[in-house]
Amino acid sequence: MSAKRDYYQVLEVERGASADDLKKSYRKLAVKYHPDKNPGDKASEEKFKELGEAYEALSDPQKRGAYDQFGHAAFDPRMRAGGGGQRGSTGGFHDPFDIFREVFAGGGGGGGGGGGSIFEELFGEQQQRSPTGPRRGSDLRYDLELDFEEAVLGCEKEINISKLDQCETCHGGGGEKGSSVKPCGTCGGRGQIIRSKGIFSVAQTCPDCDGAGRKIDKPCRACRGAGRRERASKIKLKIPPGVDNGARLRSAGNGESGTRGGPAGDLYVVLHVREHGLFSRDGDDLICEVPISFTQATLGADVDVPTMAGSSTVRLPSGTQHGTVFRIRGKGVQNIQGHGIGDLLVRVQIEVPTKLNAEQRAKLVEFAELCKDDNVHGDAGFFTKAKGFFKKGE
């Protein structure tokens, strides 16, 4: 596996480049290497992915600061063991196609509003400016809830959505069998009408042909000439292991059907992960709070703790303090970018007994008498400092 290139080198900018310079360079290079413009070219596809990762890192001030300080290690979860709290807070990277669409659509969520500008950048203004040409279908958004285990371990889901799909009767043509097509009389086949007001002229979509520039003498009865119909669809999704709350997955071509031969839009699935009763998550690390008894903490013990793959044993040394964290390597979450597996952090919580019988109480009283020697305290220095503090007030 080759070493990662410097993000500034990937974007072909200087290290002190402004946010506008970053975006300008990203736009130019992303269009150049977009897979839709380079079908079957694996090298271009890899460069496109590399550009998305580099731009996401450098366009975010927090991530850029971390990268300038730590380099690629800023986003490597394995480095968090060294105490890199700043690095751990930067998070993972999103789908490069998602980044591309946000940049070109101005970050404008779902719908097909941004599809035009992207299409224009990729395939040229002349084709996009033709109002009667193919139109890409709208992108769709679907919010999907996952159990904690499903997000950590990965799973397969089948979702049901209702969307505009190609009419199965006319196959998207919009007309009955044997129907003929003529230019729209209102717009003259241009798909637009020009309205003038004073010195200004405004082009508007033709209301009679809806921009198609043509009229069908026998519209399809199933779709009323639209070429698309609302239809329920079942879509199978493969959720990769390691996804986190708020992650977005792109399902290419599963958005709404295009019109006049245009491509279908994409489906963006936003993930919402339910909380777990035992585990919480910090990046690729799992956290589990495990209760232990007073005697286990004092004398030491082997404690069984849960993991996502069964149970594991943690050896507590004698004198373990409340809140001590023990790390079990490789029992965390698979990194979504393929950078290894995180750890399980076991934080012990010492439980104080609330009900004692007479014999237990007597033993503890005896123990308390023996504890008058400050040497048994975990931090004898505190009591020495406290005595000195109170003496000053006398």
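Trainee: Before we start, what should I know about the model and the numbering?
Mentor: Residues are numbered from 1 along each chain as its sequence is written, and side-chain values use heavy atoms, with hydrogens and water left out. The model is predicted, so to speak of local features we need pLDDT of at least 70, side-chain atom pairs count only at pLDDT 80 or more, and totals for chains, interfaces and linings use all residues.

Trainee: Okay, helices. At what angle do α2 and α6 pack?
Mentor: About 120°, with the axes of α2 (residues 19–33) and α6 (residues 96–104) 11 Å apart. That makes α2 oblique to α6. Angles under 35 degrees count as roughly parallel, over 145 as roughly antiparallel, 65 to 115 as roughly perpendicular and the rest as oblique. The axes are lines fitted to C-alpha atoms, for helices over the stretch in contact, and angles run from 0 to 180 degrees between N-to-C directions. As for the names, helices (H or I, at least four residues) and strands (E, at least two) are DSSP runs, numbered from the N terminus.

Trainee: Which residues make that contact between α2 and α6?
Mentor: From α2 you have K23, Y26, R27, A30 and V31, and from α6 P96, I99, F100, V103 and F104. Contact here means heavy atoms within 4.5 Å. By class there are eight nonpolar, no polar and two charged residues. Ala, Val, Leu, Ile, Met, Phe, Trp, Tyr, Cys and Pro count as nonpolar, Asp, Glu, Lys and Arg as charged, and the others, Gly among them, as polar.

Trainee: And how do α3 and α6 cross?
Mentor: Their axes come within 8 Å and cross at roughly 65°. On the α3 side, F48, K49, G52, Y55 and E56 meet P96, F97, I99, F100 and V103 of α6. That contact has seven nonpolar, one polar and two charged residues.

Trainee: F48 and F97 both turned up there. How far apart are the centres of their rings?
Mentor: The ring centres of F48 and F97 are 5.1 Å apart with the planes at 50°, so the pair is tilted. Rings of Phe, Tyr and Trp (its six-membered ring) pair if their centres lie within 6.5 Å; planes under 30 degrees apart count as stacked, over 60 as edge-to-face and the rest as tilted. The pair links distant parts of the chain, since F48 is in α3 (residues 42–59) and F97 in α6, 49 residues apart.

Trainee: How many aromatic pairs does a search of the whole structure find?
Mentor: Eight.

Trainee: What about α3 and α4, how do they pack?
Mentor: At about 100°, with the axes of α3 and α4 (residues 61–70) 5 Å apart. The two helices are therefore roughly perpendicular to each other. E56, A57, L58 and S59 of α3 touch P61, K63, R64 and Y67 of α4. Four of these residues are nonpolar, one is polar and three are charged.

Trainee: Switching to sheets. What order do the three strands take in the open sheet?
Mentor: The order is β1-β9-β8, with mixed pairing. β1 (140–146) and β8 (248–251) are at the edges, each with a single partner strand, so one side of each has no neighbour in the sheet. Neighbouring strands are turned by 25° against each other on average, direction ignored.

Trainee: How many bridges are there between β1 and β9?
Mentor: Seven, in the parallel sense, with β9 covering residues 267–273. Y142 is opposite V269 in β9. Two strands pair if DSSP finds at least two bridges between them.

Trainee: And the sheet of four strands, which ones stand at its edges?
Mentor: That open sheet runs β10-β11-β15-β14, again with mixed pairing. β10 (279–282) and β14 (325–328) are the edge strands, each with a single partner, so one side of each is left without a neighbour. The twist averages 35° from one strand to the next.

Trainee: How do β10 and β11 run?
Mentor: Antiparallel, with four bridges joining β10 to β11 (residues 285–293). S280 stands opposite I287. Their hairpin has two residues between the strands, and G283 takes a positive phi near 65° there.

Trainee: Then what does β15 do?
Mentor: Eight bridges join β11 to β15 (residues 344–351), and these two run parallel. P291 has Q349 in β15 as its bridge partner. β14 and β15 pair in the antiparallel sense over four bridges, and there I328 is partnered by L344 in β15.
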